[in-house]
Amino acid sequence: MHAQRRRNGEVRLKPDTTRKADTTRWLKLAALVFGMFALSCSGSGGLGSVGCSFGLGSEAPGSGDALVFRNFTLIDGGDHAPVPNAAMVVEKGRVSWVGPAADLKEPSGATTTDLKGAFVIPGLMNLHAHLGNTVDLVQDSKFHTRASIEKDLKTYASYGVTTVLSMGTDQDTIFPVRNEQRAAFASESPAASRPPMARVYTTGQGLMFKGGYGGLAGVNQPVASPEQAAAAVNAQLDKGVDFIKLWLDDELGTMPKMPAEIASAIIETAHKRNARVLGHIFYLEDAKFLAGQGIDGFVHSVRDQPIDQALIDSMEQHGTWQTAATLSREASMFAYGSTPPFANDPFFTRGVSAKTLELIKSPERQKTIASNPNFKKYPAFYETGKANFKRLVDAGIPFALGTDAGPPGRFPGYFEHWELQLMVEAGLTPAQAIDAATRRAAMFLGAEDLGTLEPTKWADFVVLDANPLMDIKNSRKIRAVYIAGSEVPSINQGGGS
Ligand SMILES: [Zn+2]
């Protein structure tokens, strides 16, 4: 089933940088999954014409905590047509069967939920987040605690964002949070003990140049030489980061840029240990340089000028991902010079504090923001980033969704839905935007049991009251959110901050 669904050329991880550790992990998982479950499928083609199931060893289906969901339209990633009147069986937190309701063989003793004509998408994934550093509109490393990280992860979950990749401003507190939630999800624990929050991946402390742009004061240790950079990469990998992050930027000419030999040393050191590297970029010339050095993904669009065929060719040749376009970040850079329309949208206000709302609406604060000498440049950066993203998508460069939410004014949860909307405004179809946020994001992470709703995958999904393919803003009509088959509090029902 998996091989059938994975089309050639879509997994663009380079052979030389495929993580050995990941491979070992997945081999173990595959052995676990296939040792425990016997997968059986019938029919051929998309989900519309095939039913698949996996049985729990020799036990009869329904002997666990089986859940049946029915009466919904399934909108899964890739080129699968939506499946109207679908049904799904979830056992031990994973999808065990999904297909047309007419083919459903309900496990005995299952708990059935009638979704009453809803639309179901896989849980959304944000591949550019910053966790736990911001309270109201102030960012400070002192705020980063287990509680603040988990608060953000719960806010994400309430908005249907069930997986996030944190991008380089984490303190070591992140590792026990991540490791404990992975252990809890991996165990055969009862549903009630599964963490009611988004799954987290981390790049730990990203690499920044001494005196240069990036990072967060008190967290990131700047590097000044290739040797220091290599040592810092090794230290991060020893801590167990999922990816390495670097910043290559000069903040509109106001700061020194990381020298080429340091950026090269970071990529080379990480690749030697089969770890992948993600780069913050702004300028086309830096994107070209990093792509040529074999960087694995960009976590922003190129924003200084239109990209050219040379960059596209290099990304194609090196298998570079546009991992995150952060269009909502770019749009937010000029959103707070006046009161943004979303300040009065309950879908936004439910997720933020009263203090935050008050600050966003404060005329004094708006005046300060609008008087920033760079303020007038931001709309053009946004438009350029948006057009560049569309060009890469059209050229067949792999892409996912990321927002850069977390710092002040960039709100976890709300921003991912805004990002979906802006991706559609950039010219993607709603199906492409949802695919970026689900199946493709999981592909980038190497998370083989996330991203789609197929047998053996985790039952992470969002129940919507309206069809997001008709209007991407319907992604906000969240009725319920499930992680590993367990419902978590959702924003429209009092979840969030
Ligand atoms: Zn960022």
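Which residues is I266 in contact with, leaving aside its neighbours within four places in sequence?

1. Basis. This is a predicted model, in which local features need pLDDT of at least 70, side-chain atom pairs count only at pLDDT 80 or more, and totals for chains, interfaces and linings use all residues. Residue numbers start from 1 along each chain, following its sequence as written.

2. I266. Beyond four places in sequence, I266 is in contact with L207, A229, V233, I244, L246 and V277. Contact here requires C-beta atoms, placed from the backbone, within 7 Å.

3. Core. I266 is among the residues with the most contacts inside the largest nonpolar core, along with M88, V120, I244 and A441; this core has 134 residues. It draws at least three residues from each of domain 1 (2–121) and domain 2 (124–451). A nonpolar core is a set of buried Ala, Val, Leu, Ile, Met, Phe, Trp, Tyr and Cys residues joined through C-beta atoms within 7 Å. Buried means 20 or more other C-beta atoms within 10 Å of the residue's own, exposed means 12 or fewer, and partly exposed lies in between, with C-beta atoms placed from the backbone. The domain bounds come from an automatic or database domain assignment.

4. Helix α6. Helices (H or I, at least four residues) and strands (E, at least two) are DSSP runs, numbered from the N terminus. α6 has 13 residues and reaches 18 Å from its first C-alpha to its last, close to the expected 18 Å, where the expected span is 1.5 Å times one less than the number of residues. Its buried residues are I262, A263, A265, I266, I267, T269, A270 and H271. Their cover includes α5, β12, β13 and α7 (284–292). Just after the helix, N274 has a positive phi of about 60°.

5. Sheet. β12-β13-β14-β15 is the order of four strands in an open sheet with parallel pairing. β12 (244–247) and β15 (321–322) are at the edges with a single partner strand each, so one side of each has no neighbour in the sheet. Helix α6 (residues 260–272) packs on this sheet, touching β12 and β13 (277–280), and its direction makes about 175° with that of β12. Axes are lines fitted to C-alpha atoms, for helices over the stretch in contact, and angles run from 0 to 180 degrees between N-to-C directions. Strand β14 (residues 297–298) pairs with β15 over two bridges; pairing requires at least two bridges found by DSSP. F298 has Q322 of β15 as its bridge partner.

6. Q236. This residue lies in helix α5 (residues 226–239). Q236 is buried, with 24 other C-beta atoms within 10 Å. Not counting residues up to four places away in sequence, Q236 touches G204, Q205, V241 and I244. Q236 and G206 are 30 residues apart in sequence, with 8.5 Å between their C-alpha atoms.

7. Helix α14. In α14 (residues 414–425), 12 residues span 17 Å from first C-alpha to last, close to the 16 Å expected. The helix is mostly covered, with 10 of its 12 residues buried. Elements covering these buried residues include β7 (124–129), β10 (161–166) and α13 (378–394). G427 follows α14 and has a positive phi, near 120°.

8. β7 and β10. Six of the six residues of β7 are buried. β7 pairs with β10 in the parallel sense over four bridges, and V164 in β10 is the bridge partner of N126.

Definitions and conventions:
Two residues are in contact if their C-beta atoms, placed from the backbone, lie within 7 Å.
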